[in-house]
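Please look over the sequence and the structure shown here before reading the report that follows.

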Amino acid sequence: MSKIIEAENLTKIYKRGAEKIYALNNATFSINKGEIVSVTGPSGSGKTTLVNVLGCLDNPTSGSLKIEGRQIFSANANLSEAELTRIRRNIFGYVFQKFFLIPTLTVRENILLPSVFQPELKTDDKNLNRIMENLDIAKRKYHLPSQLSGGEMQRVAVARALINNPSVLIADEPTGNLDSKRSDEIKDLLVNLNKNHGITVVLVTHNPRLAQIGNSFIELNDGKLEGG
Amino acid sequence: MNIFQLAYKNLLRRKLRTCFTVAGITLSTWVLVTLLGFNKGYENSLNNDIDGMGFQIVLTAKGCPYEAATLMLKGGTGLRYMPQDIVQNVDNAKEVLQTTQMLMHAEFDPDKGENGGTAVYMGIDPLTYPLMKPYLKFKQGQWFDNDNSADEIVLGYEAAELEQREIGDLMLLPGSDREYKVVGILNRSGTQDDGMIFLPLKSVQETFDKRGLITMLGIQLTREADAAAFEEELYKLPDVQVVSMAQVKNTIMSLVSSAKVIVFAIAFIAFLIAMSGVLNTVLMSVFERFQEIGILKSMGALPKDIFKMILTETILLCAGGGLCGILLAYAFSGISEAAIRYFLPFAPAGNIIAIDVKIIILSFFIITLTGIIGGIYPAFKAANIRPLDSIRSDSV
């Protein structure tokens, strides 16, 4: 299996006064294409920091990161914000604990939101309908977010993350706001996306049942990889 | 979906706030369009009134020049008289093309309206006055016989409507038992002549016991005449006031321009308030959407996309308010005009608020530009939101 993400000695330090807090401490690992990677660990262990760095939403203090073989961060490489944006556009889809749907846009419009900023992203109705059918929200396409359940809103957020055909889906506590039934729906959905569409999933969760879907695991404690 | 539609839908989130902001811009635009319309309309109407006089110089009895100006344009009170034979001194000058004598008389008429009112009669020379005012056309009838003492009356358009008279009606002048026959009713000219009751000069002199007296002498100059030099010559005549039309115009415009400065200052302040309203509204909406803007950036929105989106929201607010303000200014220009007339010391006949396409385009441009200036800071602020900061603010 080819490696899609390669991290070496990733370190992220936050400063609180004179004190240095290691959110990530020399994390070295790699993620293969088509894997589901569950990132687990106690609160404050650095899970969100790790996926933010992997998803190019944050810069590491030191270390190196390669995505699809391209050097993103290293001592010698410092990509501009515009270049990072392009990488985010082309490689990643993001799903967060909060759904961040725009309340005045319909389900369809929320899903198509990335295409507003990416003119090159040609989304035909067929592709859009396929995504909505897969996520079982096609009947709701003209509804506003306020008319949806929590599970449906999260599925809309997933659909929005998929509209640019990402190679990697980063899901940070995607079931954090959902009850167990809805959580199971999202779990099945992530498995389905991985199996049927080959999307690599990086999943941050506290939920052990959800973490089980991973075929690879990263466990963090105080910014360090357990056993690393 | 495009950025324009997205910006429009963003504004719908806080409908009440959007409405209040648009209302503020609407009011500012209304004031601006009305003021610009007034600026143009007043000067046009004044020029029209003055050109409509038919003569370039007026000779009146010595007195206050403002009174003289009011007298000519409005038919003022406190009339002064000069001897009719002064005409001979003027008629012979080589600069003069022709002259016309006028005697204006104001008399209380107990039959006017419910409680009576002052009627203004204008005695004119039937041989010269119509020649100087060729634009006066008749709705019905014609000027008097050439007899300068005929018992005939010509009514201006508005005077005929007010008096409810028609051709052939007989009118009694207050304080006199002499009957005058209405022989002509003028079309609307948009000048002060619309409100006049014209009689032959000699008739007015006899009826109101002003024999040998006139209030004004209108002088039309030849093309080649040096008006300024001729005015100096006229000043040598005893006890006369020389008023040139250019002077009247300048006097009135200077009176009005000081009022204009104050009103434009108020309009400018209204604009500053509108701009700060726009800035406040858009800035508040940027702060409220801090996380969301960060998420948009994580989806691939570049800083320039966010800048464009916020600026589009601002422009939509201003364009909406601007259009409403222009429509209101146009629809209520009659009411605005009545209000301005009430407060102004002198307002010429005709439309003193003239809103045209140029004014509409200029106002819309100013409003939109104001919006763009007011929206730059919030748009810049939004464009620089880091996706991570917004995400972290919720899910640390």
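Which residues in H1(B) meet which residues in H11(B)?

## Basis of the report

This is a predicted model, in which local features need pLDDT of at least 70 and side-chain atom pairs count only at pLDDT 80 or more, while totals for chains, interfaces and linings use all residues. Residues are numbered from 1 along each chain as its sequence is written, and chains are lettered from A and ligands numbered from 1 in the order in which they are written.

## A helix pair in chain B

On the H1(B) side B:Ile3, B:Phe4, B:Leu6, B:Ala7, B:Tyr8, B:Asn10 and B:Leu11 take part, and they meet B:Lys308, B:Met309, B:Thr312, B:Glu313, B:Leu316 and B:Leu317 in H11(B); two residues are in contact if their C-beta atoms, placed from the backbone, lie within 7 Å. By class, this contact of H1(B) with H11(B) has nine nonpolar, two polar and two charged residues, where Ala, Val, Leu, Ile, Met, Phe, Trp, Tyr, Cys and Pro count as nonpolar, Asp, Glu, Lys and Arg as charged, and the others, Gly among them, as polar.

Helix H1 (residues 3-11) and helix H11 (residues 303-331) of chain B have axes that come within 9 Å and cross at roughly 65 degrees, the axes being lines fitted to C-alpha atoms, for helices over the stretch in contact, with angles that run from 0 to 180 degrees between N-to-C directions. The crossing of H1(B) and H11(B) is right-handed, a term used if the near helix is turned clockwise from the far one by less than a right angle, with left-handed for anticlockwise. Chain B has 14 helices and twelve strands; helices (H or I, at least four residues) and strands (E, at least two) are DSSP runs, numbered from the N terminus. Of the 396 residues of chain B, 42% count as buried, and a residue is buried if 20 or more other C-beta atoms lie within 10 Å of its own, exposed if 12 or fewer, and partly exposed in between, with C-beta atoms placed from the backbone.

An open sheet of four strands in chain A has the order S2-S1-S4-S5, with antiparallel pairing; two strands pair if DSSP finds at least two bridges between them. Strand S2 (19-32) and strand S5 (70-73) of chain A are the edge strands, each pairing on one side only. Strand S1 (residues 3-16) of chain A pairs with S2(A) in the antiparallel sense over ten bridges, and A:Glu19 in S2(A) is the bridge partner of A:Arg16.

H1(A) lies across S1, S2 and strand S4 (62-67) of chain A, and runs at about 55 degrees to S2(A). Eight of the eight residues of H1(A) are buried, so the helix is largely enclosed by the rest of the structure. Just after H1(A), A:Cys56 takes a positive phi of about 60 degrees.

## The six-stranded sheet of chain A

A further open sheet of chain A consists of six strands in the order S6-S7-S8-S3-S9-S10, and its pairing is mixed. Strand S6 (92-95) and strand S10 (224-225) of chain A stand at the edges, each with a single partner strand, so one side of each is left without a neighbour in the sheet. Helix H7 (residues 180-197) of chain A packs on this sheet, where H7(A) touches S3, strand S7 (168-172) and S8 of chain A, and its direction makes about 155 degrees with that of S8(A). Strand S3 (residues 36-40) and strand S8 (residues 200-204) of chain A pair in the parallel sense over four bridges, and A:Val201 in S8(A) is the bridge partner of A:Ile36.

S7(A) is mostly covered, with five of its five residues buried: A:Val168, A:Ile170 and A:Asp172 point one way from the strand, and A:Leu169 and A:Ala171 the other way. S6(A) and S7(A) run parallel and are joined by four bridges, while five bridges join S7(A) to S8(A), which also run parallel.
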